[in-house]
Amino acid sequence: MSEIKSEKIWMNGKLTGWDNATVHIMTHALHYGSSVFEGIRCYNTKKGPAIFRLNDHTKRLLESAKIHRMKIPYTQSDINTAIKQTIKANNLKECYIRPLIYKSTGGISLNPLPVKTDTAIAVWSWGAYLGEQALKTGIDVKISTWTRMAPNTHPGMAKAGGNYINSQLAKIEAVEDGYAEAIMLNSAGFVAEGTGENIFIIKDNIIHTPKTSDSILPGITRDSIIKLAKELNYKVKETTIPREMLYIADELFFTGTAAEVTPIISVDKITISKGARGPITEKLQSAFFNILKDGKRPDWFELVD
């Protein structure tokens, strides 16, 4: 992976140099994972650099902060403006965007309420998360031995830093076992999601995806694909999915801001259908990437300038 770096990072209302955007070793989030964040992409569309579903992402960011009782002095509009400012300051036409709200200094106990809350925004050039070729040829995955957190342990609907310790364990296991990714089951043993992606299962021309109550993060790309699939006259079912349905699926794919739409060609060394990207996956991919290229849905894009 190429080095992740750009020129400027926005921190608490000011742009600062990348190398100067540092935190103290006693930052609360370093010790306890007390942060919330978003992953957003800016695409160089035919209309110019445009941020994909910016309002939906920053709304979820603030909702994640609310769930974890983090209060910041910025409105959603303020954060949107700061994101655009940071992209322009780095002269980027396409980039990945990482807004972060985190508990910084002022206490180190497990009570985060008295601790200062800081906000930062970083942007950098970043290609396909699982590799450009994976978008065409697909990836091999495994069912993780690590379970997605159970309801009423900590909130899966919040995109919180601490949640991703769970994902990291599953990702490490998958990579060390020779797979590109892992699929995580929830505490009831049903399909939840990947380590950082939502999952879709196609069987008999019906598209299935786990419900939000199945311990998943309600993904923005997931929502986009559901909308596109319905517009293409496919039936979409948000439903509980047993593990074994993965093995007998006609097609599988991941969605996410980083992964975009990535086909899955095997699970636990069981080949999915013909072991290649399926026709419905390809059709949805094409529809999705055409929108990203053309920017034809103004409700999904926010121009940087």
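Student: Which backbone nitrogen does the side chain of Asp250 reach?
Tutor: This is a predicted model, where local features need pLDDT of at least 70, side-chain atom pairs count only at pLDDT 80 or more, and totals for chains, interfaces and linings use all residues. Residues are numbered from 1 along each chain as its sequence is written, and side-chain values use heavy atoms, with hydrogens and water left out. At 2.7 Å, the side chain of Asp250 reaches the backbone nitrogen of Asp204.

Student: Where is Asp250 placed?
Tutor: Helices (H or I, at least four residues) and strands (E, at least two) are DSSP runs, numbered from the N terminus. Asp250 lies in the loop between helix 7 (243-247) and strand 14 (251-256).

Student: Why does Asp250 count as partly exposed?
Tutor: Buried means under 20% relative accessible area, exposed over 50%, and partly exposed in between (1.4 Å probe, protein chains only). Asp250 counts as partly exposed because its relative accessibility is 29%.

Student: Which residues does Asp250 touch, not counting those up to four places away in sequence?
Tutor: Contact means heavy atoms within 4.5 Å. By that rule, Asp250 touches Ile202, Lys203, Asp204, Ile272 and Ser273.

Student: Is Thr58 buried or exposed?
Tutor: Thr58 sits in helix 2 (residues 54-67). Its relative accessible area is 0%, so Thr58 is buried.

Student: Which side chain does Thr58 join in a polar contact?
Tutor: A polar contact is a pair of N or O atoms within 3.5 Å; within protein, one must be able to donate a hydrogen and the other to accept it, and residues adjacent in sequence count only if both atoms are side-chain atoms. Beyond four places in sequence, Thr58 is in contact with Gln76, Ile79, Asn80 and Ile83. The polar contact, at 3.0 Å, is with the side chain of Gln76.

Student: Which residues of helix 3 are buried?
Tutor: Helix 3 covers residues 76-89. Its buried residues are Ile79, Asn80, Ala82, Ile83, Lys84, Thr86 and Ile87.

Student: Which residue follows helix 8?
Tutor: Its phi is positive, near 65°. The residue is Gly295.

Note on methods: The expected span of a helix is 1.5 Å times one less than its number of residues.
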